[in-house]
Amino acid sequence: MTGIREWSRDPERVRRLAYGATGLIIAAVVTTVDGGLSVPAGWAWLVLPVGLGAITLSPHYRALVFAVCAGFVAVVSTGESVQLGLAAAGLVFVSICADPARRPWMGWVGGLIGAAGALAVALLNQRGLYEQPFVFVAAGFLLATLLRSWSHGYALRQETDQLRGQAAWLEQRTNLARELHDVVGHHVTAMVVQAEAGQLGDDPGAALRAVADSGRTALSELDALVVHLRDPDAAIAVSAPPRLSDIDELLAQPLRQQGVTVRVQLDPEPGLDEIGVLTVYRIAQEALTNIARHAKATAAWVELVRVGDHARLRVSDDGIGPPRTPTSGSGLLGIGERVSAHGGSWELSQRPGGGTMVQANLPVANP
């Protein structure tokens, strides 16, 4: 039953099955009719070779041939050959199904013309009203419309599922790139700063140990990210979720080793959930890393306070200030993505008195 259900969900298979059944019905009806036609019975047999020949044509012309056949079968039928209505309905059905137009009309119009012709012939011969062809043409049109609608809906669902999968993959890839930049890039920057400080300091051994510690941390975080490369369904996670206190204890250290005075002021109750804490940590990490790389500052400030229903993070320095034409590198792009994902806002601006200021406003978890 499962196999049959899966087989029946494929519109192309159902369409081929419907075409085959319709062809058998048309052949059975046309070959068994023997009287009561508006023309000699032999004329009805023309439908079979013409219909078979239409299979070799392009869909547009194929639909036109089937529409003409439907009109012909309908117009030659009479009250004594009512079974020909099944053939007319079948030809309208295949004409509409084979028509590549978004709104197929040839099969419908052909069948209606034939039905009107059958009615006119019946009235001229004083046989009374003959409405059966209209009923059969309408039935063929409705069945074809239902099949086309179902087939189109199935294709849209398939395409939607594929697009959702691609979107999820792109989102995971973006998250991975952001984590690689933020985590590994920060530790590598710290290693460079520590190595340079060791060359000028009195204790090169301590500097080497600090470099080794940073390297081990970077490798640990990198291993956690590589797990996601092997298994895209695995959640991206670092080895230890950061704390806000780590901003002062870990992120500010490379700057202090450069001789930069770093002051960190953190609200003890900023109202952030775990994701908000991670967002603040990563923004501060990127901002402090940029200060270490580019700012040429002597002092830096990190301030996190709650202002109403938002938590405001401000990282500033007294360095050379932002470039006149800031480029949207991986770091700034990552900040923007994190803030947008959390429903907040951010800006990069000139600090009053000189230097650079990065400010982000994030909604709190418990307003």
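Among contacts in the protein chain between residues at least 6 apart in sequence, what share joins residues at least 24 apart? The share is 68%, where a contact means heavy atoms within 4.5 Å.

A word on the ground rules: this is a predicted model, in which local features need pLDDT of at least 70 and side-chain atom pairs count only at pLDDT 80 or more, while totals for chains, interfaces and linings use all residues. Numbering starts from 1 along each chain as its sequence is written, and side-chain values use heavy atoms, with hydrogens and water left out.

Let's start with the whole chain. You will find 12 helices and five strands, taken as DSSP runs numbered from the N terminus (helices H or I, at least four residues; strands E, at least two). Of its 367 residues, 39% are buried, that is, under 20% relative accessible area with a 1.4 Å probe, protein chains only. C69 counts as buried because its relative accessibility is 6%, and C97 is buried with a value of 6%.

Now look at the sheet. Its five strands form an open sheet in the order β1-β2-β3-β5-β4, with mixed pairing; strands pair if DSSP finds at least two bridges between them. β1 (261-266) and β4 (345-350) stand at the edges with a single partner strand each, so one side of each lacks a neighbour in the sheet.

Further in, β3 (residues 310-317) and β5 (residues 356-363) run antiparallel, joined by seven bridges. Here S316 stands opposite M357 in β5. Helix α11 (residues 274-295) packs on the sheet and touches β2 (299-307), β3 and β5.

Conventions. Buried means under 20% relative accessible area, exposed over 50%, partly exposed in between (1.4 Å probe, protein chains only). Axes are lines fitted to C-alpha atoms, for helices over the stretch in contact, and angles run from 0 to 180 degrees between N-to-C directions.
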